[in-house]
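Keep the picture in view while you read.

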Amino acid sequence: TGGSWNGKLMMPGIRVDGLGVIGLPLSDASAKSLAARCEQAPFRRGSETIVDKTVNNTFQLAPEHFQITNPAWEQEISNL
C-alpha cells in the first residue's frame with residue numbers, strides 16, 4: 001500500500017544457478033529452461049500440503065538457487 005510509481009520499470013537482474021542471467025520478459029526458451037530447474041509448487045488444501053497439477057500447475061525455485069543482482073532492486077520495490 002502507498003508509494004508511487006514513475007512508470008519506469010527497473011530490471012531485478014535475475015541470475016539462476018546453472019542458467020546464468022535470465023532476461024525479462026521471459027522468452028519461451030528461457031521459460032522452459034527455468035521451469036526445468038524448478039520443482040512443482042505445493043499448495044494447502046485444508047490441513048494438508050499437496051501437489052496436484054490439475055488444481056495448481058505452478059512451479060517454484062528455491063531461493064538458494066537464484067540471486068537478484070541489481071543492488072537497487074530492493075530499494076525500488078520498497079518505494080512502490
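We begin with Q40, which sits in strand β3, a strand made of residues 39-40. Keep in mind that this is a predicted model. Is Q40 buried or exposed? Its relative accessible area is 18%, so Q40 counts as buried, because buried means under 20%. The side chain of Q40 has partners, too. It makes a polar contact with the side chain of N57 at 3.1 Å, and the Q40 side chain also reaches the backbone oxygen of T58 at 3.1 Å.

Next, look for charged partners. How many salt bridges does the structure hold? There is one, and it joins the side chains of R45 and D52, with 3.7 Å from N to O. R45 is partly exposed, at 41% relative accessible area. D52 is partly exposed as well, with a value of 22%.

Now turn to the sheet. Three strands form an open sheet in the order β2-β1-β7, and their pairing is antiparallel. Which strands lie at the edges? They are β2 (20-22) and β7 (66-68), each of which pairs on one side only. On average, neighbouring strands of this sheet are turned by 30° against each other, if direction is ignored. Strand β1, residues 14-16, is joined to β2 by three bridges, and the two run antiparallel.

Two loops are worth a visit. L26 lies in the loop between β2 and α1 (28-37), and L26 is part of a nonpolar surface patch together with L9, M11 and L24. Together, these four residues have about 370 Å² of accessible area. L26 itself is partly exposed, at 39% relative accessible area.

P63 belongs to the loop between β6 (59-60) and β7. With 60% relative accessibility, P63 is exposed, because exposed means over 50%. How far apart are P63 and V16 in sequence and in space? They are separated by 47 residues in sequence and by 9.7 Å in space, taken from C-alpha to C-alpha.

Here are the accessibility values side by side, so that you can look up each residue in the structure:

| Residue | Relative accessible area | Class |
|---|---|---|
| Q40 | 18% | buried |
| D52 | 22% | partly exposed |
| L26 | 39% | partly exposed |
| R45 | 41% | partly exposed |
| P63 | 60% | exposed |

Notes:
Residues numbered from 1 in each chain as written. Predicted model: local features only at pLDDT ≥ 70, side-chain atom pairs only at ≥ 80, totals over all residues. Heavy atoms only, no water. Pairing = 2+ DSSP bridges. Helix = DSSP H or I, 4+ residues; strand = E, 2+ residues; numbered from the N terminus. Axes fitted to C-alpha atoms, helices over the stretch in contact; angles between N-to-C directions. Patch = residues over 30% accessible without salt bridge, like charges linked within 9 Å, V, L, I, M, F, W, Y side chains within 5 Å. Areas by Shrake-Rupley, 256 points an atom, 1.4 Å probe, with all protein chains shown as cover. Buried < 20%, exposed > 50% of the residue type's maximum accessible area, 1.4 Å probe, protein only. Polar contact = N/O pair within 3.5 Å; in protein donor to acceptor, adjacent residues only side chain to side chain.
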